[in-house]
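My notes follow in the order I made them.

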Amino acid sequence: AFSTPTSQSNIAFAPIPLPRKGAPQSSLSSRPSSLPPPTFILHRSIGSDDTNCDDDDDDDPPKPPIKDVQTTATATTITIERVSTKNRALDVRVLRRWSLLSAREYRKEQLSDYGVVVSHREAIDALTPSTMGDDGRESCFFSIDVAKPIVQFVAVVVNDGDDTRDDNGEDSDGEEDDDNLDRMNGVVGTVDAQVKKRPNGSSASASSSSSIYYPQVYLKNLSVDKDHRRRGIASSLVEAVRNYAAEEAVCAVVLHVDCENIGAARLYEREGFEHDEEEEEGGEVGRMVLRI
């Protein structure tokens, strides 16, 4: 009944650029503007990984495994990147629907409705928070001894030789594609990770049982576009966070998940997370921990 073509995704990981020593957290110029080429490719088969729901709610039931489907396999290349530009940070906001317009859509609207010509950079600045730096990271509201600014990772579909877009985010022939994937510049998945050095609050909270997980990387807002699920993207994003946690020398990756979101919980279990039974008892949201 489920005649879904089998295909394979090539997930390419780029090394995570580290901040320059001694640079302040809010520095806008100390972050790299681009990432080095991918260092290796991880092959995953569709249907072998994440369920229909990642870290967001999804009422669709899990699909049965695909068996004995004889079709022509197609290959898709997906890279996992760390967000290091304001332009890419806007793509994340469009995917999450935190921004209703992409930069190109905003420019079109300003021109057609108000006769105002807006540059690509001006559109990005208008659609992103004023607290966001050129490196795509927003200011941290915690003190430096409590936490670091949030780091975002994205999964990006790479066009095999078809990408004719210039540095302004437009097609080189002057035409703009209104395709849903194009308006996000290929971003199909994203996750947030934040280093937390200690609990934020009184000494009483610092002495609680949860303090054993500090310093930690807190994982949140994991989501994958519905049309690109079951391709290993969610697992690859979790792996990027795990690698980031290892580089930051924390003791654990911690997250919270809705206890009714069985698909997301199973995904995290496969990635090595364990349930914190003490916090989950009687609660609607449970904590899961991956020890590093």
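**Entry 1**

I started at Pro215, which sits in the loop between helix 5 (203–206) and strand 6. This is a predicted model, so I read every value as computed. I checked the peptide bond from Tyr214 to Pro215 and found it cis, with omega near -5°. Most peptide bonds are trans, so I flagged this one.

Next I asked what Lys196 touches, not counting residues up to four places away in sequence. The list is Val146, Ala147, Tyr214, Pro215, Gln216 and Tyr218. Both ends of the cis bond, Tyr214 and Pro215, are therefore among the contacts of Lys196, taking contact as heavy atoms within 4.5 Å. Lys196 itself belongs to strand 5 (residues 187–196). I also took its C-alpha distance to Phe142, which came to 9.4 Å across a sequence gap of 54 residues.

**Entry 2: positive phi**

I then looked at phi. Most residues other than glycine have a negative phi. Arg97 has a positive one, near 65°. Arg230 also has a positive phi, near 65°.

Arg230 is buried because its relative accessible area is 14%, where buried means under 20%. I placed Arg97 in the loop between helix 1 and helix 2 (103–114). Arg230 is in the loop between strand 6 and helix 6.

**Entry 3: helix 1 against helix 3**

I moved to helix packing. Helix 1 (residues 86–95) packs on helix 3 (residues 120–127) at an angle of about 50°, and the axes are 10 Å apart. That angle makes helix 1 oblique to helix 3. Their crossing is left-handed.

Which residues make the contact? From helix 1 I noted Lys86, Asn87, Leu90 and Arg93. From helix 3 I noted His120, Arg121, Ile124, Asp125 and Leu127. Sorted by class, this contact has 3 nonpolar, 2 polar and 4 charged residues.

Arg93 is part of helix 1. Arg93 counts as buried because its relative accessibility is 15%. I listed its contacts, leaving aside neighbours within four places in sequence: Trp98, Ser99, Leu127, Thr128, Pro129 and Glu138.

**Entry 4: the cores**

In soluble globular proteins, nonpolar side chains tend to be buried together. I looked for such groups here. The largest nonpolar core has 32 residues. Within it, Phe153, Val217, Leu219, Leu222, Leu237 and Tyr268 have the most contacts. At least two residues each come from strand 3 (75–82), strand 4 (151–158), strand 5, strand 6 (216–224), helix 6 (233–247), strand 7 (252–258), helix 7 (262–270) and strand 9 (285–291). Helix 6 gives the largest share, 8 residues.

**Entry 5: the whole protein**

The protein has 8 helices and 9 strands. Of its 292 residues, 45% are buried. I also checked contact range: among contacts with a separation of 6 or more, 78% join residues 24 or more positions apart.

Technical notes: Residues are numbered from 1 along each chain as its sequence is written. This is a predicted model: local features need pLDDT of at least 70, side-chain atom pairs count only at pLDDT 80 or more; totals for chains, interfaces and linings use all residues. Side-chain values use heavy atoms; hydrogens and water are left out. Axes are lines fitted to C-alpha atoms, for helices over the stretch in contact, and angles run from 0 to 180 degrees between N-to-C directions. Helices (H or I, at least four residues) and strands (E, at least two) are DSSP runs, numbered from the N terminus. Angles under 35 degrees count as roughly parallel, over 145 as roughly antiparallel, 65 to 115 as roughly perpendicular and the rest as oblique. A crossing is left-handed if the near helix is turned anticlockwise from the far one by less than a right angle, and right-handed if clockwise. Ala, Val, Leu, Ile, Met, Phe, Trp, Tyr, Cys and Pro count as nonpolar, Asp, Glu, Lys and Arg as charged, and the others, Gly among them, as polar. A nonpolar core is a set of buried Ala, Val, Leu, Ile, Met, Phe, Trp, Tyr and Cys residues joined through side-chain atoms within 4.5 Å. Buried means under 20% relative accessible area, exposed over 50%, partly exposed in between (1.4 Å probe, protein chains only).
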